[in-house]
Amino acid sequence: MSNHPDVPSNNEDSTQNMIENTDVDTNADSVEDITLENDLAIEEFFAPSGSAQLADDFRSGYVAIVGRPNVGKSTLMNHLLGQKLSITSRKPQTTRHRIHGILSNHEMQAVFVDTPGIHRNEVRAINERMNKAAVSALVDVDLVLFVVDSDQWRDDDLLTLQKLGETDLTIVLVINKSDTLKDKGSVLPLIETFNESFDFADIVPVSALKNQNLDRLQEVIASHLPVAAPIYDTEQITDRSERFLASEIIREKIMRSAGDEVPYDLTVQIDAFKDEPAHTDPKTGRPRKACTFIDATIYVERSGQKAIVIGDKGQRIKQVGMDARKDMEQLFNKKIMLTLWVKVKRGWSDDERALTSLGY
Ligand SMILES: Nc1nc2c(ncn2[C@@H]2O[C@H](COP(=O)(O)OP(=O)(O)OP(=O)(O)O)[C@@H](O)[C@H]2O)c(=O)[nH]1
């Protein structure tokens with residue numbers, strides 16, 4: 001992924017010239033001042049990542065986002081990052097993997113671990129895996145954002161809090177969806193109640209969806225991270241592979257389109273991910289743009305679900321493919337050719353071995 005899609009192809013030479021040009025007499029007249037300013041801006045633009053001016057007391061660390069399904073963990077991470085990396089849908093439990101999203105500015109770097117909910121009374125193997133992932137995500141984090149829905153405080157929240165209470169982690173309570181509160185003032189007694197029930201390092205009401213109070217949350221996060229050098233390149237957005245992101249984008253499109261008709265345990269496997277550089281077509285002699293060819297298989301549990309995913313005369317799968325391709329082209333900043341398959345893999349969510357073979 002490039003943050004500078006408009007960089008000219010000969011930029012290495014240009015960068016060299018521009019850096020040399022900045023070394024000018026500081027008593028220069030106004031025209032030269034402007035030139036210097038421009039050169040500095042250009043130099044900064046082309047500067048190798050990580051070389052931007054970092055604060056002396058730069059803070060960095062790992063942040064886990066924890067909470068029961070559907071409270072808005074993925075939305076919160078996406079909106080904090082300003083990028084759509086984790087996948088949201090109206091169905092609970094859409095997050096199955098740990099996803100690292102990285103928020104960097106010149107003062108701090110927060111590396112987010114987006115965890116699935118910690119559930120109880122879940123019998124199926126897939127949920128046990130998710131529980132393990134949720135708990136293991138908490139090892140070695142510097143800060144936990146414990147997310148709750150502003151309108152409800154449920155048994156599941158308490159269960160998660162009990163688990164958190166057994167650790168000596170720093171925990172910030174994020175009261176999400178505050179936009180849904182009819183009376184804004186009602187958040188105050190809510191804060192009071194939460195405060196009495198647990199020793200939170202901070203309590204921040206936000207609306208992840210409407211980007212309300214996220215600046216404050218960002219400040220609070222920074223204040224609880226240790227003073228340390230950046231963990232990742234400050235321009236890096238995710239350490240997840242494009243393959244993974246591609247599969248999550250396809251899954252999201254199906255979930256959005258098929259709604260309640262498909263179970264959340266539908267999975268998408270990327271079978272091929274091949275980058276083809278720009279070249280001249282040997283047959284036609286015409287130039288062809290660089291392109292990434294992606295083949296993916298969507299696994300469902302029953303043939304009825306397969307029919308739903310494919311849709312009437314293949315309409316749904318066609319739309320899913322088109323929507324997913326558009327998102328991928330935007331995210332990866334390159335041309336994509338996407339081929340989708342739908343297969344039935346019976347009862348796979350109950351089968352530990354099948355889960356392992358699918359990469360869980
Ligand atoms: N009104 C409102 N809705 C929100 C807000 N944040 C998230 N949502 C909605 O809540 C639903 C669930 O959000 P997700 O981000 O997928 O929730 P999650 O906690 O990651 O869910 P799991 O992946 O199931 O653990 C989506 O429909 C979001 O649009 C918010 O601040 N306000």
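## Overview

Of the 360 residues in the chain, 29% are buried (20 or more other C-beta atoms within 10 Å of a residue's own; exposed means 12 or fewer, partly exposed in between, with C-beta atoms placed from the backbone). This is a predicted model, in which local features need pLDDT of at least 70 and side-chain atom pairs count only at pLDDT 80 or more, while totals for chains, interfaces and linings use all residues. Residues are numbered from 1 along each chain as its sequence is written.

The chain holds 11 helices and 11 strands, taken as DSSP runs (H or I of at least four residues for helices, E of at least two for strands) and numbered from the N terminus.

Let's look inside. The largest nonpolar core has 35 residues; such a core is a set of buried Ala, Val, Leu, Ile, Met, Phe, Trp, Tyr and Cys residues joined through C-beta atoms within 7 Å. Elements giving two or more residues to this core include β1 (59-66), β3 (108-114), β5 (171-176) and α7. Strand β4 gives the most, with 6 residues. Another core, of 22 residues, lies apart from it, and Leu245, Ala246, Val262 and Ile308 are among its members.

## Helix α7

Helix α7 spans residues 214-223, with Leu217, Ile221 and Ala222 buried. Viewed down the axis of α7, its buried residues fall within an arc of 140° and so line one face of the helix; the arc is that of the directions from the helix axis to the C-beta atoms.

## Around Gln269

Gln269 belongs to strand β7 (residues 267-276). Gln269 counts as partly exposed because it has 18 C-beta neighbours inside 10 Å. Thr297 is 28 residues from Gln269 in sequence, yet their C-alpha atoms are 5.2 Å apart.
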